[in-house]
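Here are a few friendly notes to read alongside the model. Please keep the viewer open as you go through the points.

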Amino acid sequence: MASSAPPGPFERLIDTALATGTLSTIATGGALLGFGWREGEAGRVFRLAGRGLLERIGVMSAAAPLTSVALGYLHHLLVATAWGALLALLVLPLRGVVRVLAAVIAAVMYVTLAGTMLPPSLRIGYAVTSTIPGAVPIGAALALALLGGIWLHRAEQHD
């Protein structure tokens, strides 16, 4: 019979980091949809990301427009979840106000990296967020997701 011991601190940290990654995917996805709505097409960012990914491997995206959107959305799911979880692993072990400040600083650092150094394939929003002004809404969404992750982590510690 398997033991049903409560999860330890490391397991709770990993669970909360993955939940924060999910929050960041949702929050940044909303920001990316907003970019698209501003241009008149909600899925525009996902289509452009998928098109860029397809063309990197030599597939003409015009031949597969729905594949472009789906691939762009999958890219978003993977990249945004990874960034949210990674940043959460840096922020969640901290305590008190330092943790809140670290969440905001981590989001600002992401914006700086995305707007200056990150290749498109590692950026949330692919090439659409390649400038600092374009990455700011993503950074704001990441900050909110990290703050939500802090709240989740705090709630799990009191269970």
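1. Let me begin with a contact list: leaving aside residues up to four places away in sequence, Ala114 touches Arg123, Thr129, Ser130 and Ala135. Please bear in mind throughout that this is a predicted model.

2. Where does Ala114 sit? Its place is in helix 4, which covers residues 96–116. Ala114 counts as buried because its relative accessible area is 1%, below the 20% cut-off. Looking back along the chain, Ala88 lies 26 residues away from Ala114, and their C-alpha atoms are separated by 18 Å.

3. Now the overall architecture. The protein chain has five helices and zero strands, so to speak an α-α-α-α-α order when read from the N terminus. Along its principal axes, the C-alpha trace spans about 55 × 45 × 25 Å. For contacts between residues at least 6 apart in sequence, 67% join residues at least 24 apart.

4. The largest nonpolar core deserves a look, with its 29 residues. Leu32, Trp83, Leu87, Tyr110, Ile124 and Ile138 have the most contacts inside this core. At least two core residues come from each of helix 1 (9–39), helix 2 (44–56), helix 3 (65–91), helix 4 and helix 5 (132–157). Helix 4 gives the most, with seven residues.

5. Which residues does Ile138 touch, not counting those up to four places away in sequence? The list is Thr28, Ala31, Leu32, Phe35, Tyr110, Ile124 and Thr129. Of these, Leu32, Tyr110 and Ile124 are also among the core residues with the most contacts.

6. Gly40 follows helix 1, and its phi is positive, near 95°.

7. On the outside, I would point you to a nonpolar surface patch formed by Val97, Leu101, Ile105 and Met109, which together have about 420 Å² of accessible area. One of them, Ile105, is found in helix 4. Ile105 is classed as partly exposed because its relative accessible area is 49%, and the exposed class needs over 50%.

8. Finally, the totals. Of the 159 residues in the protein chain, 40% are buried. The accessible surface comes to about 8700 Å², and carbon and sulfur atoms account for 73% of that area.

Key
Residues numbered from 1 in each chain as written. Predicted model: local features only at pLDDT ≥ 70, side-chain atom pairs only at ≥ 80, totals over all residues. Heavy atoms only, no water. Helix = DSSP H or I, 4+ residues; strand = E, 2+ residues; numbered from the N terminus. Buried < 20%, exposed > 50% of the residue type's maximum accessible area, 1.4 Å probe, protein only. Contact = heavy atoms within 4.5 Å. Core = buried A, V, L, I, M, F, W, Y, C linked by side-chain atoms within 4.5 Å. Patch = residues over 30% accessible without salt bridge, like charges linked within 9 Å, V, L, I, M, F, W, Y side chains within 5 Å. Areas by Shrake-Rupley, 256 points an atom, 1.4 Å probe, with all protein chains shown as cover. Salt bridge = Lys/Arg side-chain N within 4 Å of Asp/Glu carboxyl O.
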